[in-house]
Amino acid sequence: MPDATFLFITIDCEDPAHLAVFWSALLETPVGDSMDDGRFVFLEGGGDLPVICFQRVPERKAVKNRVHLDLSVVDLAAATERIEGLGGSFTGQEHTLETFTWRTMADPEGNEFDIAVG
């Protein structure tokens, strides 16, 4: 057995319950358990989705994420519209590399993630 195995991805935030609802709707996976009076809220993993943990921290996001999620979508415009409808936002950044195009989005607390086609 390796020294370490993958457990989950943790996203720091101010309101774990609220952020879990956004990501649950976007990824179409249920909100799972919470721990420590809601300081940690989990999305259920399964299939190609890892468990995601939302952890309450006292400080607001201040700079660009050093780690982010990349999501594959069929249509950038439709995915952007859906994300905005759920409370997220488009940062205005779109990039193309050969046949691969991605947009940088932000969840309701400003955590960046990319949606991509190609």
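In this predicted model, four strands make up an open sheet of mixed pairing, in the order S5-S8-S7-S6. Strand S5 (69-72) and strand S6 (89-97) are at its edges; each has a single partner strand, so one side of each is left without a neighbour in the sheet. On average, and with direction ignored, neighbouring strands here are turned by 25° against each other. A further open sheet, also of four strands and mixed in its pairing, has the order S1-S4-S3-S2. The largest pocket holds about 470 Å³ of space, and both S1 and S8 contribute to its lining.

- Strand S7 (residues 100-106) and strand S8 (residues 112-117) run antiparallel and are joined by six bridges.
- Within this pair, tryptophan 102 lies opposite alanine 116 in S8, and arginine 103 lies opposite isoleucine 115 in S8.
- S6 and S7 also run antiparallel, again with six bridges joining them.
- In that pair, histidine 95 is set opposite tryptophan 102 in S7; tryptophan 102 therefore faces histidine 95 as well as alanine 116 in S8, with the strands pairing through backbone hydrogen bonds.
- Of the seven residues of S7, five are buried, so this strand is largely enclosed by the rest of the structure.

- Two residues separate S6 from S7 in their hairpin, and glutamate 98 in the turn has a positive phi of about 55°.
- The hairpin of S7 and S8 has five residues between the strands, and there glycine 110 adopts a positive phi near 90°.

- S1 and S4 run parallel, with five bridges joining them.
- Isoleucine 11 stands across from phenylalanine 54 in S4.
- Strand S3 (residues 40-43) pairs with strand S4 (residues 52-56) in the antiparallel sense over four bridges.
- Phenylalanine 42 stands across from cysteine 53 in S4.

**Loop between S2 and S3**

- Aspartate 36 is placed in the loop between S2 and S3; aspartate 37 is in the loop between these strands too.
- Aspartate 36 has a positive phi of about 55° although it is not a glycine, and a positive phi of about 55° is also found at aspartate 37, likewise not a glycine.
- Most residues other than glycine have a negative phi.
- With a relative accessible area of 46%, aspartate 36 is partly exposed.
- Aspartate 37 counts as exposed, at 80% relative accessibility, because the cut-off for exposed is over 50%.

**Largest pocket**

- There are 24 lining residues, and those closest to the centre of the pocket are Ile11, Asp12, Asn65, Val67 and Asn111.
- Strand S1 (9-13) and S8 each supply at least two residues of the lining.
- S1 gives the most to the lining, with five residues.
- By class, the lining residues divide into 10 nonpolar, four polar and 10 charged.
- Ile11, one of the residues closest to the pocket centre, is also the residue that stands opposite phenylalanine 54 in S4.

Definitions and conventions. Residues are numbered from 1 along each chain as its sequence is written. This is a predicted model: local features need pLDDT of at least 70, side-chain atom pairs count only at pLDDT 80 or more; totals for chains, interfaces and linings use all residues. Side-chain values use heavy atoms; hydrogens and water are left out. Two strands pair if DSSP finds at least two bridges between them. Axes are lines fitted to C-alpha atoms, for helices over the stretch in contact, and angles run from 0 to 180 degrees between N-to-C directions. On a 1 Å grid over the protein atoms alone, a cavity is a set of points where a 1.4 Å probe fits but cannot get out, and a pocket is an open set with protein on both sides within 12 Å along at least five of seven lines; lining residues have an atom within 4 Å of a point. Grid points are joined across faces, edges and corners, and a volume is the space filled by probe spheres set on the points. Ala, Val, Leu, Ile, Met, Phe, Trp, Tyr, Cys and Pro count as nonpolar, Asp, Glu, Lys and Arg as charged, and the others, Gly among them, as polar. Buried means under 20% relative accessible area, exposed over 50%, partly exposed in between (1.4 Å probe, protein chains only).
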